[in-house]
Amino acid sequence: MSEIERLFSCTRCGYCCHGETTVSLDGEDQRIMCEALGMSREEVAEKYWRISGNVVQMKTVEGHCVFYDEGCTVHQGRPWRCREWPLHPSILGDENNFRTISDSCPGIKKDTSYVEFCEALKKLLAGKGKISC
């Protein structure tokens, strides 16, 4: 069991899939999503993404991610940010963000401290080249 798994285990409740904001997709996210859907980049872009300049994001419909339908319909091809939610860098700078996310996410173990969560998140993000510890 990884350090993250000791602190968090996704319950697939879908709470994080709701809202008008969405997730940006890097090149690897786009590739994996296209493979999982068995569609060309052009088909996926037209049907599921909103593209503004160089920014590619998943569309939202009716207040949730385009892929949400009582669960993630592209679970095997979801972006890295979705795979690692609620492990969001904004938590590192603001304990209130951790409290808000922790209160809304049943996957975060309730006995997890802010410091413990941040240490695990820093290691994860540093390993992905997203931050330096």
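I count two strands as paired if DSSP finds at least two bridges between them. Helices (H or I, at least four residues) and strands (E, at least two) are DSSP runs, numbered from the N terminus.

**Ground rules.** I am working on a predicted model, where local features need pLDDT of at least 70, side-chain atom pairs count only at pLDDT 80 or more, and totals for chains, interfaces and linings use all residues. Residues are numbered from 1 along each chain as its sequence is written, and side-chain values use heavy atoms, with hydrogens and water left out.

**Entry: the hairpin.** I looked up the strands. Strand β1 (residues 49-52) runs antiparallel to strand β2 (residues 55-58), and four bridges join them. S52 sits opposite V55 of β2. Two residues separate β1 and β2 in this hairpin. In the turn, G53 shows a positive phi of about 65 degrees.

**Entry: aromatic rings.** I searched the whole structure for ring pairs and got three. Rings of Phe, Tyr and Trp (its six-membered ring) pair if their centres lie within 6.5 Å; planes under 30 degrees apart are stacked, over 60 edge-to-face, the rest tilted. I checked F98 and Y114: they make a tilted pair, with 5.6 Å centre to centre and 55 degrees between the planes. F98 belongs to helix α6 (residues 95-104) and Y114 to helix α7 (residues 114-127), so this pair ties together parts 16 residues apart in sequence. F98 and Y114 are both buried (under 20% relative accessible area; exposed is over 50%, partly exposed in between; 1.4 Å probe, protein chains only). With F117, they form one aromatic cluster.

**Entry: I108.** I then went to the loop between α6 and α7, where I108 lies. I108 is buried, at a relative accessible area of 1%. Which residues does I108 contact, leaving aside neighbours within four places in sequence? I found L7, F8, P86, I101, S102 and F117 (contact: heavy atoms within 4.5 Å). I also took the C-alpha to C-alpha distance from I108 to I4: 9.7 Å in space, for 104 residues in sequence.

**Entry: cysteines.** How many disulfides does the structure hold? I found zero (criterion: a pair of cysteine sulfur atoms within 2.5 Å). For C34, the closest cysteine sulfur is that of C65, at 14 Å, which is too far for a bond. C34 is buried, at 10% relative accessibility. C82 is in no disulfide either; its nearest cysteine sulfur, in C65, is 6.2 Å away. I noted C82 as partly exposed, at 27% relative accessibility.
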